[in-house]
Amino acid sequence: MKKIKNNIGVRAFLKKMGFQKDASVLQLDNRLMNSLNAEGKIELEDVWRSRWEGGFSSMLDMYLVPKNLKQAALLFSQDYSRTEESMKWVSEKVFSLKPKSIVEMGCGCGLLLKYLKTKNPEIEIMGIDQAPNLINIGTKLTGVDLISGNYLKMTPKPSYDTIVCDFGFDSQDYKIPNSPHKTISIGDVKVCINCSNAYEKTFSPYIESWREWGNENSNLVLTGRITSPAIILAILKIANGLGWSLDMSQTTILSAQNNHTKDWEFFPGFVFKSIKEGKVEENFQKIYHMLNG
Ligand SMILES: C[S@@+](CC[C@H](N)C(=O)[O-])C[C@H]1O[C@@H](n2cnc3c(N)ncnc32)[C@H](O)[C@@H]1O
């Protein structure tokens, strides 16, 4: 690959990586299928069949399909608008925090890491993903030995200044049980406290495992489809318990157009800092109002 200029923007970078911004879901499906060898075609057909038949097919099954950058770019182009929007915001936040080192949880094929390294070759990067094929692609792309494995089950390596999770988790992995709803009010916001408590239990291992890769001053930059009041409250509580308070001046709401439904979706971009502030309920209400207008 030709050297990428360090003044490149996210859109041009993604295009260079092989992303297809304007392709439809069907076009992307066909192009991915056509790019695969015989074995890969069977693998992808199996994932599709399992979904059509309503059977169980995890997101991981799909992430295991691409074996090179072109194929990964075709797969992740299905979520183009979100990828561009969150990569833009996360990279801006990372640079404003001026870390010497960053580690990304669920880094996929290392696109964000490659972008950060292109913009600032001095920065030390590391990434973890449970899809070994994506890690192989990311290792080639970044020139850094990224880590293959499940971050929930891993012994953490040295501490990083900034921990990033840019959609690096799958909601189907932490589904909460169907418990009876019990609505409470926090200020003028209503939230089901039973759902929130259940999310707190299922999501704690995530933030705890990310925290272990940092030091006592590390920041967390987090994006994802974290939109229900119950999960927002849970995440703020878990982070607070681990000494991470929301920096409201950096936290924002991002928007992207879903390629499948064409609907606009809104999701938070959180910046947590290592300060003990304890404003969970106040910040929860602010985020809720930012998300819901
Ligand atoms: C939606 S993709 C996002 C990839 C990338 N961060 C991006 O923005 O394009 C989610 C990624 O997180 C990874 N992932 C989910 N849970 C994980 C876990 N427990 N440990 C390691 N990787 C995980 C998946 O394998 C997948 O590559």
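From which domains does the shell around the ligand draw at least three residues each? Domain 1 (11-78) and domain 2 (79-292) both contribute at that level. The legends below walk through this predicted model, one close-up at a time.

**View 1. The shell around the ligand.** Here we look at the 20 residues around the ligand. Those that come nearest are Gly 106, Gly 108, Gln 130, Tyr 151 and Gly 168. Among the secondary structure elements, helix 4 and strand 2 (124-129) each supply at least two residues of this shell.

**View 2. Where domain 1 meets domain 2.** The protein is divided into domain 1, residues 11-78, and domain 2, residues 79-292. Taken over C-alpha atoms, the centres of the two domains lie 24 Å apart. Across the boundary, 20 residues of domain 1 are in contact with 18 residues of domain 2. On the domain 1 side, helix 1 (10-16), helix 4 (59-63) and helix 5 (69-76) each provide at least two of the touching residues. That side of domain 1 is made up of 13 nonpolar, four polar and three charged residues.

**View 3. Helix 7 packed with helix 8.** This close-up shows helix 7 (residues 111-119) and helix 8 (residues 132-142), whose axes are 9 Å apart and meet at an angle of about 10°. Because angles under 35 degrees count as roughly parallel, helix 7 is described as roughly parallel to helix 8. Helix 7 brings Leu 113, Lys 114 and Lys 117 to the contact, while helix 8 brings Gly 138, Leu 141 and Thr 142. Sorted by class, the residues of this contact are two nonpolar, two polar and two charged.

**View 4. Phe 203 and its surroundings.** Our last stop is Phe 203, found in helix 9 (residues 193-211). Is Phe 203 buried, partly exposed or exposed? It has 19 C-beta neighbours inside 10 Å, so Phe 203 counts as partly exposed; a buried residue would need 20 or more. Setting aside neighbours within four places in sequence, Phe 203 is in contact with Tyr 174, Ala 234, Ile 235 and Ile 238. One of these partners, Ile 238, is 35 residues away from Phe 203 in sequence, yet the C-alpha to C-alpha distance between the two is 8.1 Å.

Notes: Residues numbered from 1 in each chain as written. Predicted model: local features only at pLDDT ≥ 70, side-chain atom pairs only at ≥ 80, totals over all residues. Domains from an automatic or database assignment. Contact = placed C-beta atoms within 7 Å. Helix = DSSP H or I, 4+ residues; strand = E, 2+ residues; numbered from the N terminus. Nonpolar A, V, L, I, M, F, W, Y, C, P; charged D, E, K, R; others polar. Axes fitted to C-alpha atoms, helices over the stretch in contact; angles between N-to-C directions. Parallel < 35°, antiparallel > 145°, perpendicular 65-115°, else oblique. Near = placed C-beta within 6 Å. Buried ≥ 20, exposed ≤ 12 C-beta atoms within 10 Å, placed from the backbone.
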